[in-house]
Amino acid sequence: MSLEWPKLLSQDRVDQPAPATPTVGERSPFEIDYDRVVFSEPFRRLAKKTQVHPLAPNDHIHNRLIHSIEVGSVGRSLGNKIQSFLVEQHPDQKVLFDNIAQIIQVGCLIHDIGNPPFGHAGENTIREWVAKHDALVFNNQIDAATRYDLLLFEGNAQGFRLAARKDISQCGYMRLTYASLGAMIKYPWASDDPRAAAKKKFNVFASEKEIFTDMVARMGLQRPDGRIARHPLSFLTEAADDICYRLLDMEDAVSMRIFPEEPIKKLFLTLAGCPDDTWKPTAMARSEAIDALINETCRVFAEDYPAILNGERQTDLKSDFSDRFSGAFEEIGKLYTIIFSHRSKLGYEIGSYKMLGRIIKAFVLSAQALGERGSYHDLDFISQRCFNLAWDDAFIKTNADKPYQWWLRQIFDFVSGLTDNYAIQISGEIEGILTP
């Protein structure tokens with residue numbers, strides 16, 4: 001099997017094939033993707049979502065939005081370098097690769113767009129709260145596939161849902177090209193795949209399986225053995241994320257005074273290949289480290305290109321980094337134990353369980369009441385007000401006859417879309433803890 005670049009760079013969108021004749025002088029489909037992401041509400045909300053440190057007192061500490069923009073910058077650089085490599089490998093297809101950097105940048109911008117408030121703690125909170133309140137949430141009205149989705153709730157799958165669907169009220173216009181969606185998908189399987197439970201990672205909810213299957217078919221990602229190959233550009237999106245969060249999380253930890261500066265700068269200098277240049281400021285050392293990691297990523301991609309193009313490779317590119325890089329990454333990995341257990345994070349992460357659980361419970365009970373009474377007007381006052389926290393009257397009345405399972409998806413769309421601040425506010429309002 002060999003993946004084919006004309007298919008991999010598909011401009012098709014959900015229910016909208018690419019135009020036969022592109023319009024000359026207009027934005028490319030991938031520039032349109034970029035603009036749709038940047039102007040979307042889910043992307044904007046990343047500004048108030050935790051990267052590592054919830055509601056950090058220092059304004060220059062990374063949030064999800066700044067992180068995504070930086071990942072996009074590194075992804076664009078990777079794309080520019082890989083474009084030259086691909087042109088060398090496929091000189092007869094040179095024009096195909098003009099948009100490689102743009103596609104990767106879009107994949108990078110949306111890679112975290114489905115993450116709930118409070119970072120990875122928010123994901124764990126949703127999973128654990130749903131599992132402990134199984135009977136309440138599912139209420140014997142939910143099919144097995146939806147149950148798997150919510151018990152293993154995953155920000156990556158939620159991101160694909162937001163970026164692919166055309167019928168989500170807040171961002172249905174996003175509906176990105178298949179090429180850009182392919183670049184974001186690191187885990188090309190659904191929640192009922194054994195790998196989802198084993199890795200706690202997957203990219204596709206049951207509700208988007210049909211979209212995913214169509215995308216896979218059009219891009220030719222189905223292997224003869226039945227396994228779905230990763231899109232080649234997804235390795236570069238993943239690498240850009242790996243590079244950014246490992247280095248910038250360390251820089252944030254210095255700003256938060258979790259670590260002293262010198263050992264972190266030494267790590268950056270080691271990655272950059274100039275361990276003795278201790279005169280360099282930390283920001284310069286970090287910049288040179290990123291540049292070195294970009295080159296190393298491109299080296300691994302080029303060396304393993306035959307396996308990537310045959311759909312054989314599944315592991316990330318950093319697993320084949322040379323000793324200098326893998327050793328530094330291993331050392332950084334050990335430091336995360338200290339970061340994740342730091343006192344500044346613990347209160348919000350513990351509190352996130354009660355806050356998100358309180359919100360989910362209120363909406364679940366309201367949705368169940370709507371199913372029983374069949375009309376928004378017949379709901380009790382509190383259930384009406386809970387609905388109005390999330391949706392306007394027109395939306396609720398238009399969809400009042402939808403089944404509970406449909407409403408449950410809307411609830412988790414809403415909860416995962418909350419910013420840290422708004423989750424705290426709504427939780428307080430539901431509990432009756434009001435602030436001026």
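Tutor: The model is a predicted one, and it contains 22 helices and zero strands. Most residues other than glycine have a negative phi. Arg175 is not a glycine, yet its phi is positive, at about 30°. Lys200 is not a glycine either, and its phi is also positive, at about 60°.

Next, the side of accessibility. Arg175 has 18% relative accessibility and counts as buried, because the cut-off for buried is under 20%. Lys200 has a relative accessible area of 40%, so it is classed as partly exposed. Both residues carry side chains of the positive set. Across the protein there are 50 positive and 59 negative side chains, and the centres of these two sets are 3 Å apart.

Of the 436 residues of the protein, 54% count as buried. The accessible surface is about 18900 Å², and carbon and sulfur atoms make up 52% of it. Along the principal axes, the C-alpha atoms fill a box of roughly 70 × 55 × 45 Å. For a chain of 436 residues, a compact globule would have a radius of gyration near 22 Å, and the protein, at 22 Å, agrees with that. Among contacts with a separation of 6 or more, 72% join residues 24 or more positions apart.

The cysteines remain. A disulfide is a covalent bond between the sulfur atoms of two cysteines. A search of the whole structure turns up zero disulfides. For Cys244, the reason is distance: the closest cysteine sulfur belongs to Cys108 and is 7.9 Å away, which is too far for a bond, given that a disulfide needs the two sulfur atoms within 2.5 Å. Cys244 is also buried, with 1% relative accessibility. Cys386 is buried as well, at a relative accessible area of 9%.

Conventions. Residues are numbered from 1 along each chain as its sequence is written. This is a predicted model: local features need pLDDT of at least 70, side-chain atom pairs count only at pLDDT 80 or more; totals for chains, interfaces and linings use all residues. Side-chain values use heavy atoms; hydrogens and water are left out. Helices (H or I, at least four residues) and strands (E, at least two) are DSSP runs, numbered from the N terminus. The radius of gyration is taken over C-alpha atoms; the globule rule is 2.2 Å times the number of residues to the power 0.38. Buried means under 20% relative accessible area, exposed over 50%, partly exposed in between (1.4 Å probe, protein chains only). Contact means heavy atoms within 4.5 Å. Accessible areas come from the Shrake-Rupley method with a 1.4 Å probe; for residues, only the protein chains shown count as cover. The place of a charge is taken as NZ of Lys, CZ of Arg, CG of Asp or CD of Glu.
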